[in-house]
Amino acid sequence: MFLYVTTTGRQTGLPREIEIWFTERDGRLYIIAENRDRTNWVHNIRANPTVQVLLGDRQFAAQARVVEDDAEPELAQVVKALSDEKYGWSDGLIVEIAPEN
């Protein structure tokens with residue numbers, strides 16, 4: 001199953017949807033940008049952290065943020081381990097997605 005995340009284009013203001021692998025921990029979703037800060041959707045999230053999420057038959061609004069490895073090493077390590085276990089890959093910039101209540 002894939003996660004669909006729709007960001008708001010930082011230059012156009014238009015919705016931009018991506019299909020991406022994800023992991024889940026403590027009610028939050030985690031995605032990894034292979035190209036780190038060179039990824040357009042990461043730029044969009046930094047400019048506007050409000051995103052729309054589609055996961056299976058669930059659709060909801062959420063807040064996204066970049067997890068900085070050096071500022072949150074324990075969280076980064078756990079998320080990378082989850083991704084390694086699920087996909088055999090974890091190299092990139094981690095983004096946390098927290099559903100709005």
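Modeller: Two strands pair if DSSP finds at least two bridges between them. Please keep in mind that this is a predicted model.

Colleague: In which sense do β1 and β5 pair?

Modeller: Strand β1 covers residues 3-8 and strand β5 covers residues 50-55. Four bridges are found between β1 and β5, and a pair needs at least two. The sense of the β1 and β5 pair is antiparallel.

Colleague: How many bridges join β5 to β6?

Modeller: Strand β6 spans residues 58-67 and runs antiparallel to β5. Across this pair, Gln52 stands opposite Ala61 in β6. The number of bridges joining β5 to β6 is six.

Colleague: Which residue takes a positive phi in the hairpin of β5 and β6?

Modeller: This hairpin has two residues between its strands. A positive phi near 65° occurs there, and the residue that takes it is Gly56.

Colleague: What is the bridge partner of Thr6 in β2?

Modeller: β1 and β2 run antiparallel and are joined by six bridges. Their hairpin has six residues between the strands, and Gly13 in that hairpin takes a positive phi near 75°. The bridge partner of Thr6 in β2 is Glu17.

Colleague: Why does the aromatic pair of Trp21 and Tyr87 count as stacked?

Modeller: The structure holds one aromatic pair. The ring centres of Trp21 and Tyr87 are 4.3 Å apart, and rings pair if their centres lie within 6.5 Å. Planes under 30 degrees apart count as stacked. The pair therefore counts as stacked, as its planes lie at 5°.

Colleague: How many residues apart in sequence are the parts that this pair ties together?

Modeller: Trp21 lies in the loop between β2 (15-20) and β3 (23-25). Tyr87 lies in helix α2, residues 73-87. The pair therefore ties together parts whose separation in sequence is 66 residues.

Colleague: Is Trp21 buried, partly exposed or exposed?

Modeller: The relative accessibility of Trp21 is 41%. Buried means under 20% and exposed means over 50%. The value for Trp21 therefore makes this residue partly exposed.

Colleague: Which residue has its charged end over the ring of Phe22?

Modeller: The charged end in question sits 4.1 Å from the centre of the Phe22 ring. It belongs to Lys86.

Colleague: Which element supplies the largest share of the lining of the largest pocket?

Modeller: About 200 Å³ of space lies in the largest pocket. Its lining has 16 residues, and Ile20, Trp21, Ile32, Ala33 and Trp89 lie nearest the centre. By class, the lining has 11 nonpolar, four polar and one charged residues. The largest share, four residues, comes from β4.

Colleague: Is Asp26 buried or exposed?

Modeller: Asp26 is found in the loop between β3 and β4. Its phi is near 50°, a positive value in a residue other than glycine. Exposed means over 50% relative accessible area. Asp26 has 65%, so this residue is exposed.

How values were computed:
Residues are numbered from 1 along each chain as its sequence is written. This is a predicted model: local features need pLDDT of at least 70, side-chain atom pairs count only at pLDDT 80 or more; totals for chains, interfaces and linings use all residues. Side-chain values use heavy atoms; hydrogens and water are left out. Rings of Phe, Tyr and Trp (its six-membered ring) pair if their centres lie within 6.5 Å; planes under 30 degrees apart count as stacked, over 60 as edge-to-face and the rest as tilted. Buried means under 20% relative accessible area, exposed over 50%, partly exposed in between (1.4 Å probe, protein chains only). A charge sits over a ring if NZ of Lys or CZ of Arg is within 6 Å of the ring centre and within 35 degrees of the ring normal. On a 1 Å grid over the protein atoms alone, a cavity is a set of points where a 1.4 Å probe fits but cannot get out, and a pocket is an open set with protein on both sides within 12 Å along at least five of seven lines; lining residues have an atom within 4 Å of a point. Grid points are joined across faces, edges and corners, and a volume is the space filled by probe spheres set on the points. Ala, Val, Leu, Ile, Met, Phe, Trp, Tyr, Cys and Pro count as nonpolar, Asp, Glu, Lys and Arg as charged, and the others, Gly among them, as polar.
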